[in-house]
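Trainee: I would like to learn how to read charged residues in a protein model. Could you walk me through it?

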Amino acid sequence: MNCNHATFISVSLAPPSSVLLFPKRLSENLTPKQTLLARNVRLRVRASASKGDGNAQAANWSQWVPVGSFAADKVFRLIAGATASPIGQFVVYPTTFLHSVDPRVKLVWLLALVVLPARSHIVVRFGLVIYLTLLSMWVLPRNAWTDQLGRVYLLSGLLFITLGLGSDGVPALVQLRTPPPAMMGLPNLPVSLTGYAYTITKLGPLTFTRKGLSVASTVACLTFTVFQSASLCLTTTTPEQLAFALRWFMLPLKYIGVSVSEIVLTLLLSLRFISLVFDEVRNIALGIVSRRINWKQLTVMETIDIFFNYFRRIFKNIFNHAEQISQAMIVRGFKGDSSSHKIYFLSESSFGIADAICLLFLTVVIGVALMSEYYLV
Amino acid sequence: MNFPYLTSISERVVAPLYATVPATIIRGNKAESFAIEGRNLRFSFTTRQTQDVPVLRDCSIRIPCGQFWMLLGPNGCGKSTLLKILAGLLTPTSGTVNVNGPKSFVFQNPDHQVVLPTVDADVAFGLGKIDLTHDEVRSRVSRALHAVGLSDYMKRSVQTLSGGQKQRVAIAGALAEACKVLLLDELTTFLDESDQVGVIKAVRNSVDTSPEVTALWVTHRLEELEYADGAIYMEDGKVVMQGDAASIRSFIEARQSAYINQINS
């Protein structure tokens, strides 16, 4: 067989059952008098790679399709579980001091936490991660922070390991352009008297170097601070407060023709849609799980087809939501021009002592981060 | 409540309702005007095979000002289409519509109605078209949320609310606009019994407290008729009967029992 597909027909008889191979024995077993239907025959199509193409690894690729712990059913359950907890949603209770901080101050903090990990010493980077972790644990309810920190730590940890071992491990082998000093009759480079070593550790073929550490810590800390600070901000600030703060900062841009009101409305609608998207992803996943599909009976293509249908359904429902909400906006008086339709921000926003303290602390953090570049070398 | 203009219409030949009745009906000593009026409404759409599919066939309705009416009928009979035509979301193929303004439409699914992420901001969204002071907006939002029993939920994220609470937020949005006509499409579909009663009482209350407010409520539930002043029954794109709620209820129940007898015989 010179193709990478084989079709098998499994024939189950009641009882006994037998398996026929296509096409060789099919004609032998099925006569016009004994049709498939008459003998309660169930056809099953199975795809596999052929052995005759000289590629032993591709002999039966279907065995590489995830089953067991990564079975399709478990994937859908995982999706439904992961999207069940509120992500980026405002938590009213318990009301903490972060709830009372002015949203404009929070936005300044957010900007600082995006910039600082990239422009500071490694100690400050990890310091920021610890600071955000402790703040999250203090401010958020236990179930919220365990969920948020768990996900962000997992992502950052994976990035740290991948980049730490990958950024400088392979290039040492492939980028070497000059022969080693020993081959040129030169003495080896002297060992640092202060204990400096470029290579921190070796893990088999992988090397963890100072460059790897720098890249990995920057990316992992940046990922952590961006995700966790945004999450913390969204959890303690209503979307309308955030939109108010953004509008306050962007108001000067109005004079150079920037449509601030449109940006603010887009932000609000985006924040409204976050929860709708999570709802759709979870509901459709639960819908598939609740059908109790016997995944073992499905072929690989059928399983893939269900996944494609899942994604198609998500997009279809989200677009349907978008259409309905746009219709609702029209019914409620929105005529397509965001500058002529006022968005009322009913929350009182005043600058208090808590905001002043937050800004003072931010100044200290920025100062420490800048000085770390010069003093912690 | 006496409705002298109770009209029963043949299922086959649908004559325009109140063809001989003037635009205002004298009931007792009081002149009654109509908040919602649709005459000879037809609506159809064309399929990809260029076939004309009629949805509404010569529907005529009249709903007096300051009353709470219900629109009933089996699935696919054209209730929601009629409501969307009255709201101006669809244009009828023929016929005339006259609905007092400002009017508000509340969708069946509250997730489709709620536009902004927080309760108070969403209720205030519809007021964006009017030039109001912040205090006036705050007062309207507060009163609307109080009317639907959600005063304590002003700062809550919409996503954390139950289906019934979301539905009440949607109604509060309509009430805050101080609309004269409320068009409500199967609001109790996703709700449990207590939320159903809560929502329907909120609408009833808003109609009772303001003589200018008229509500038309699409429903499948006969038990909800006890809150209504009048009702319209539709079948197969036609208005079969309209009148006081008790008469419509008796009419539907008689049809149901006749249908059950037919099955059992």
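Mentor: Here is a short tour of salt bridges, a charged patch and some annotated spans. This is a predicted model, so local features need pLDDT of at least 70 and side-chain atom pairs count only at pLDDT 80 or more, while totals for chains, interfaces and linings use all residues. Residues are numbered from 1 along each chain as its sequence is written, chains are lettered from A and ligands numbered from 1 in the order in which they are written, and side-chain values use heavy atoms, with hydrogens and water left out.

Trainee: Are D279(A) and R282(A) buried or exposed?

Mentor: Buried means under 20% relative accessible area, exposed over 50%, and partly exposed in between (1.4 Å probe, protein chains only). Both D279(A) and R282(A) are buried.

Trainee: Which residue forms a salt bridge with D111(B)?

Mentor: The partner is K166(B), with the closest N and O atoms 3.2 Å apart. This pair links distant parts of the chain, 55 residues apart: D111(B) is in helix α2 (residues 110-113) and K166(B) in helix α5 (residues 163-176) of chain B. D111(B) counts as buried because its relative accessibility is 13%, and K166(B) is buried too, at 8%.

Trainee: And what does E177(B) pair with?

Mentor: E177(B) bridges to K129(B), with 2.7 Å between the closest N and O atoms. E177(B) lies in the loop between α5 and β9 (181-185) and K129(B) in the loop between α3 (119-125) and α4 (134-147) of chain B, so the pair ties together parts 48 residues apart in sequence. E177(B) is buried at 5%, whereas K129(B) is partly exposed at 37%. Elsewhere, salt bridges that share partners join R272(A), D111(B) and K166(B) into one network.

Trainee: Where is E193(B) placed?

Mentor: E193(B) is in helix α6 (residues 193-209) of chain B. E193(B) counts as exposed because its relative accessibility is 64%.

Note on methods: Helices (H or I, at least four residues) and strands (E, at least two) are DSSP runs, numbered from the N terminus. A salt bridge is a side-chain nitrogen of Lys or Arg within 4 Å of a carboxyl oxygen of Asp or Glu.
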